[in-house]
Amino acid sequence: MIRKMQDQDLAEACRMEEELFPSSPWDSKEFQYELHENPFATLYVLEEDHHVIGYADLWIMYEQAEVANIAVSANVQKQGLGSQLMEYMVREAVMHDCENLSLEVRISNAPAIALYEKYGFIIANRRKHYYEDGEDAWLMVKPLGGLKEAYDENTGN
């Protein structure tokens, strides 16, 4: 089940950050800022048996959307859960009339890049020295224009 993140989810989200992104994990202050202070951010968790097994941070900024963070716990990867979160983020951006959905990803993260390409993201630019450890990132963008009508037709909304 995907739902909005709550304060009680932060410990599990931080644990996953340290597990998955040891060179530059978000800490509780960053999650707190996104959860309570960033007016553009909405955080979601993927929950199974009352445990957070994934999360995503989606920014809706007028007609633009950005996936600021997305992760699935290492022990449940390769089960389609990242796809569930990505599909949810795309749908949310479409339903908010966004024209594009973007994200940054480490150029070395081949599994994530493959997932994003599966959802129609294209590499738009290289962000040099984007991460704290100096690694570059790909800026990837998915055009969304015109997709709302397709979602409305499929859902009856």
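Start by selecting Asp-133 and Arg-106: their side chains form a salt bridge, with the closest N and O atoms 3.1 Å apart. This pair links distant parts of the chain, as Asp-133 sits in the loop between β6 and β7 while Arg-106 belongs to strand β5, 27 residues apart. Asp-133 is partly exposed at 46% relative accessible area, whereas Arg-106 is buried at 14%. Keep in mind that you are looking at a predicted model.

Stay in the loop between β6 (122–127) and β7 (137–143) and pick His-129. Its phi is positive, about 55 degrees, although His-129 is not a glycine. His-129 is also exposed, with 59% relative accessible area.

Glu-132 is in the loop between β6 and β7 too, and it is exposed at 75%.

Next, jump to Glu-47 and Arg-3, whose side chains meet in a salt bridge at 2.9 Å, N to O. Glu-47 lies in strand β2 (residues 41–48) and Arg-3 in strand β1 (residues 2–4), so the bridge ties together parts 44 residues apart in sequence. Glu-47 is buried at 16%, and Arg-3 is buried at 17%.

For a last stop, which residue does Arg-15 meet in a salt bridge? Select Glu-19: the N to O distance is 3.6 Å. Arg-15 and Glu-19 are 4 residues apart in helix α1 (residues 10–20), about one helical turn.

Conventions:
Residues numbered from 1 in each chain as written. Predicted model: local features only at pLDDT ≥ 70, side-chain atom pairs only at ≥ 80, totals over all residues. Heavy atoms only, no water. Helix = DSSP H or I, 4+ residues; strand = E, 2+ residues; numbered from the N terminus. Buried < 20%, exposed > 50% of the residue type's maximum accessible area, 1.4 Å probe, protein only. Salt bridge = Lys/Arg side-chain N within 4 Å of Asp/Glu carboxyl O.
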